[in-house]
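Dear colleague,

I am handing over the structure below, and after it I set out what was found. Please read the notes with the coordinates open beside them.

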Amino acid sequence: MASLIRSARLLRRLHSLASHPVSPLTSAARTTAENVAKWIEENTEVSRDHLTPELRLRLVTQNCWLWRARAEDCPYPDPFWAFYWPGGQVLTRFLLDNPDVSRGKTVLDVGSGCGASAIAASMSGATYAIANDTDPIAATAVALNARLNGVCAATPPSPAPPGSCEICTASLVGRLDARWDVVLLGDMFYDDGDFGRAILDWADDLTTRGTAVLVGDPGRATFRERTATTTLRRRLLKVAEYDLPRRCREENSGFTTGAVWQFSRVV
Ligand SMILES: C[S@@+](CC[C@H](N)C(=O)[O-])C[C@H]1O[C@@H](n2cnc3c(N)ncnc32)[C@H](O)[C@@H]1O
């Protein structure tokens with residue numbers, strides 16, 4: 001699977017995903033959350049081998065058969081939730097190191113994947129943490145990972161009690177909601193199409209309305225190039241930088257560090 005992640009073919013699929021959310025699964029057997037959860041439990045392993053070992057996460061690791069599988073062998077397309085991306089790792093590390101960022105806040109984690117950042121926000125005292133990913137399989141992965149870390153996961157229509165991690169599969173990019181105090185974008189600049197620009201425009205709008213927007217990024221070209229304009233560069237403050245752990249460096253050849261950026265309202 002790791003070799004697939006690096007392949008041009010998968011990268012093309014990564015790029016297209018940004019503008020075409022994953023379709024709902026058709027097979028009844030595959031769509032029940034129970035079956036999906038069972039499949040994830042049987043085909044991933046619980047790992048702490050990442051930058052936030054406080055968190056136990058179900059991931060596809062080198063010990064899993066899926067690691068060496070072809071994309072078509074996985075019943076779920078583009079299982080991004082099965083990997084803990086470098087931008088997400090540094091952002092989650094930052095949240096755990098700085099609990100005041102989340103404490104008492106409503107925190108939205110966009111493109112939550114395995115859910116690590118939203119779970120860390122909950123563990124840091126967020127009143128509400130919302131794990132948002134348009135991939136419905138990611139929703140099940142987040143619920144499993146939340147439970148592994150003692151965080152209650154709430155899937156609509158179940159109400160989300162304070163302190164829980166609410167799971168949301170709607171596409172929220174572009175929406176403005178005064179409820180969100182903090183918006184997290186962990187490794188969301190993997191796409192070299194228009195998606196990166198749409199996210200940056202949205203982040204700018206959210207910031208202007210008083211929402212704190214944090215980006216975790218390992219130095220992806222889209223983020224570097226799209227933020228190179230003077231105005232955006234001046235609006236972005238690097239608040240932390242971390243060395244990536246060995247396993248993460250091996251899985252993401254080329255990246256050795258990751259930074260956390262915050263949008264500022266001052267131009
Ligand atoms: C590169 S992964 C990052 C996952 C996680 N943040 C991390 O760092 O480990 C990007 C995630 O964004 C999700 N995604 C793509 N487009 C989205 C959208 N419009 N809204 C919410 N999630 C989206 C994908 O399904 C995928 O799980």
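Ala33 counts as partly exposed because it has 14 C-beta neighbours inside 10 Å, where buried stands for 20 or more other C-beta atoms within 10 Å of a residue's own, exposed for 12 or fewer, and partly exposed for what lies in between, with C-beta atoms placed from the backbone. This is a predicted model, in which local features need pLDDT of at least 70 and side-chain atom pairs count only at pLDDT 80 or more, while totals for chains, interfaces and linings use all residues. Residues are numbered from 1 along each chain as its sequence is written.

Ala33 lies in helix H4 (residues 33-43); helices (H or I, at least four residues) and strands (E, at least two) are DSSP runs, numbered from the N terminus.

Ile137 is one of the buried residues of H7, a helix that is mostly covered, with 10 of its 13 residues buried. Helix H7 (residues 136-148) reaches 19 Å from its first C-alpha to its last, close to the 18 Å expected, the expected span being 1.5 Å times one less than the number of residues. The buried residues of H7 pack against H4, strand S2 (57-59), helix H6 (116-123), S4, S5 and strand S6 (165-168), a contact being two C-beta atoms, placed from the backbone, within 7 Å. After H7 comes Gly150, whose phi is positive, near 75°.

Turning to the sheet, eight strands form an open one in the order S5-S6-S4-S3-S7-S8-S10-S9, with mixed pairing; two strands pair if DSSP finds at least two bridges between them. Strand S5 (153-154) and strand S9 (236-243) stand at the edges, each with a single partner strand, so one side of each is left without a neighbour in the sheet. Strand S3 (residues 106-110) and strand S4 (residues 128-132) pair in the parallel sense over five bridges, and Leu108 has Ile130 of S4 as its bridge partner.

As for the ligand, Trp85, Gly88, Gly111, Gly113 and Gly186 come nearest of the 24 residues around it, a residue being near if its C-beta atom, placed from the backbone, lies within 6 Å. Helix H2 (8-19) and H5 each supply at least two residues of this shell.

Best regards
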